[in-house]
Structures are given as structure tokens and as C-alpha cells.
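Good morning, and thank you for joining this group meeting. I would ask you to look at the sequence and the structure together while I speak.

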Amino acid sequence: MSAEVKTGAAAAAVGRAPDRDGPGQWFSRAVLRNGPLGGLIALVVVMAVLSRDFLNGQNLLNVGVQASVTAILAFGVTFVIVSAGIDLSVGSVAGLSAIVVAWAATDQGLPVWAAVLLGLAVGAAAGLVSGALVAYGKLPAFIATLAMLSVGRGLALVISGGSPVPFPASVSRLGDTLGGWLPVPVLVMIAMGLIAALVLARTYAGRAMFAIGGNEEAARLSGIHVKRRKLVIYALSGVFAAVAGIVLAARLTSAQPQAATGYELDAIAAVVIGGASLSGGSGKASGTLIGALILAVLRNGLNLLSVSAFWQQVATGLVIALAVLLDTLRRRSAR
């Protein structure tokens, strides 16, 4: 009799199994998986309803331009966050790299291509220093990159003397438009996004990032040289920061020592809003792009609605908090 009861209970359990994946459960999982894209679409719809000017073609291009520098920075930060790290230095590294390009080309007379390579090298070197402090110095990533934030900004002020430095005209074309309507910064953003997606999905370095972020000790035991990988990860973040700094300076037609101040927080926010987990092991370039676009759409729409800049900061903070909450719910759902 007891066996029959158990059999009946098992049969009932089997019969109820499909209910666990009912419409409500399926919908909640779909929202958690595709939350960033759904959030972007919903935000665009709301802004279009509230402002007639939002869907204007020129305004949409402006949104892309506004998102470009943040997105490029965020692509580099994605590598770090996927590997369970953090990089607070990308804003100051972007400013320093732009200053170095302008200083080398304008004051030192280097060919423009050499000055640009030097700026990219400075970004990579800053990332390598941060990576070395984390991997070999055993410093927490927060402390190591916070120190680099201060060093990078200080060096930018020292090299420039605290004043803006004229940017080479040929490089300033990165801030122009093609055909009078297509912004070059948007094209650079797309190109850097494709590179980031390729690195994450198709290279050994990308697979190592996910492995380290998922379980660093397991990654080490599986044969991944974790310390060297961290050097590569932070160096990549520095290179992406340098590109972002060059694009920003091109838009401003001058390299300013205080440029990109606070951009590191926007970059981290874009990665988190895009679905990456701060605990590491997950994230993708497309999600980061969506996160950067959400921030740009939000700010652009609030500007069109003449909302105070103070309230815009409040709204941005709420969006970030919501993104972290969704990340927590997503991880619980996965368990």
C-alpha cells in the first residue's frame, strides 16, 4: 500500500511538472534574461510619448553620439567585470591618453600616427600597472584601480600644465560626421563593440575571463595562468579607455586634463545595466551596448523634457539600483 501511495505521489509530481514552467514562470524568466533590451524599448516608447522631438532622426543620432564614449569605455570594463574585477581608472586613463596624443603631436612634433600609437600604449601601460597590482601585488581591484585613477589624472594635469591642449586636426575628424549625417563616433563605437564581442566569444582570452570570473581557483587548476590573464584583461581595458579618450577629445577638438571625469561610474553602470554580474562569470558586449544606450536615452529624454540635472542624477541612480536588483533575481532564478 505504501508503494502505491509513493507511486501515486510520483505520478502526481510528474503531472504537475509542466506547471512549473507555466506562462507566469516563462514570462518572468524571459524578462530576467532579456530585461536590458526590454527596458531600452520601453524607455524609448515612454520618451517618444512624452516628447515629440525624441524620435527625430537628428536627435536619435545625438543619442548615439552621447552613448559612444561611455560604450567604448564600458566595453573595456566588461572584460574586467566578467573576470570578477572592477576598474575605476578608465575615466582618468582616457583623459591621460588624449593628453598624451595632443602633447606628442602638438608640442613634440611627432607624426600623428605615432602620437596616436603612443596614446594607446599609455592606456595599455596604465592597465598593465593596475593588473600587476591586482595579480602580483595582491591588492583588491578597487584599491589598485582607485590609485591608478588618481595617478592618471595627476599625470594628465602635469603634462598639460592644467590647460587644454589643441588636438591634431586629422584626429579630430573622429568627431565629425560622414555624409553630413552619420557620426564617426558611432562608427567607432560599433567597431569597438564588435572587437569586444569577438574577444569575449571567440578567443582563448575571452574564455579565460569567464572561467576566472566563475571560479578563479578552478580556472587555475584547469591550467589557466590567472595572473597573466589578469594582466591582459586590465591592459585591454586600458586600450579601450584610450580609444574612448581620443574620441572624446576629437569631439571637443582639444584634449582637456579633466575630461572624462566620472565616466568610470557610467561605464560600470552600463555594464551592470546590460546584464553583467558584478560577481563575475557573465556578461556580453551587446548587453553593455544596450546599457550605454539606456543611459544615453534616459539623459537625452530628460533633457528634452527640461528635467533638472539634479533629478537626472536621481533617475540614473534608480536605474542602476534596478539593474542590480534584476541581476540578483537572475542569479537566484539560475540557482
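Let me begin with a definition: the expected span of a helix is 1.5 Å times one less than its number of residues. I shall apply this to a predicted model, and specifically to helix H12, which covers residues 226-252. With 27 residues at 1.5 Å a residue, H12 should span 39 Å.

Is H12 mostly covered or mostly uncovered? It is mostly covered, since 19 of the 27 residues in H12 are buried. Directly after H12 comes Thr253, which has a positive phi, near 60°.

The protein has 335 residues, and 45% of them count as buried. Its secondary structure consists of 15 helices and four strands. Among contacts with a separation of 6 or more, 77% join residues 24 or more positions apart. The protein exposes about 16,300 Å², of which carbon and sulfur atoms supply 66%.

Is Thr70 buried or exposed? The relative accessible area of Thr70 is 8%, and buried means under 20%; Thr70 is therefore buried. Which residues does Thr70 contact, once its neighbours within four places in sequence are left aside? They are Asp266, Ala267, Ala270 and Ala292.

Key:
Residues are numbered from 1 along each chain as its sequence is written. This is a predicted model: local features need pLDDT of at least 70, side-chain atom pairs count only at pLDDT 80 or more; totals for chains, interfaces and linings use all residues. Side-chain values use heavy atoms; hydrogens and water are left out. Helices (H or I, at least four residues) and strands (E, at least two) are DSSP runs, numbered from the N terminus. Buried means under 20% relative accessible area, exposed over 50%, partly exposed in between (1.4 Å probe, protein chains only). Contact means heavy atoms within 4.5 Å. Accessible areas come from the Shrake-Rupley method with a 1.4 Å probe; for residues, only the protein chains shown count as cover.
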